[in-house]
Amino acid sequence: MTWDYIFMLALGAYAFKSGGLIILNKFNLERFFQNSVLLIPIALLAALITEQTFVIDQAIDLDERFIGLLIALVLIKKKAPFLIIILCPVATVALLRQII
């Protein structure tokens, strides 16, 4: 794949996203639908994180990334600073990969 195709795909994706925002702003959606549209990116991000963490070769696998995700969830629950939420799981996963 050449860079021209990558740039064209990126431009097309941006155009679709911008077009969706313009179209949604023209219509007065009910409050329920407005809230639902706002939650779609969160659900997609959660699905991507889950798939990248637990699935290896189309099979569920619990490895050191699962421990890192648990640590991140605990830190989020305790309302830790963002940098701590990122660095602690990364360090834990790196240490576990060195040990195991």
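Predicted model: local features only at pLDDT ≥ 70, side-chain atom pairs only at ≥ 80, totals over all residues.

**Exercise 1: the second largest pocket**

The second largest pocket has a volume of about 260 Å³. Determine which elements give two or more residues to the lining of this pocket, and which of them gives the most.

Solution. Begin with the residues: the second largest pocket is lined by Ile49, Gln52, Thr53, Arg65, Gly68, Leu69, Ala72, Leu73, Ile76, Pro89, Val90 and Val93. Next, assign elements: H2, helix H3 (64–77) and helix H4 (82–99) each give two or more residues to this lining. Then compare the contributions: H3 gives the most, with six residues. Finally, sort by class: eight residues of the lining are nonpolar, three are polar and one is charged. Because Gly counts as polar, Gly68 of this lining belongs to the polar group.

**Exercise 2: the largest pocket**

State the volume of the largest pocket, and describe the lining of the largest pocket by residue, element and class.

Solution. The volume is about 350 Å³. The residues that line the largest pocket are Phe16, Lys17, Gly20, Leu21, Leu24, Asn25, Phe27, Leu29, Gln34, Val37, Leu38 and Pro41. Two or more of these residues come from each of helix H1 (3–26) and helix H2 (31–54). H1 supplies the largest share of the lining, six residues. By class, the lining of the largest pocket comprises eight nonpolar, three polar and one charged residues.

Notes:
Residues numbered from 1 in each chain as written. Heavy atoms only, no water. 1 Å grid on protein atoms, 1.4 Å probe; cavity = no way out; pocket = protein on both sides within 12 Å on 5 of 7 lines; lining within 4 Å. Points joined across faces, edges and corners; volume = space filled by probe spheres on them. Helix = DSSP H or I, 4+ residues; strand = E, 2+ residues; numbered from the N terminus.
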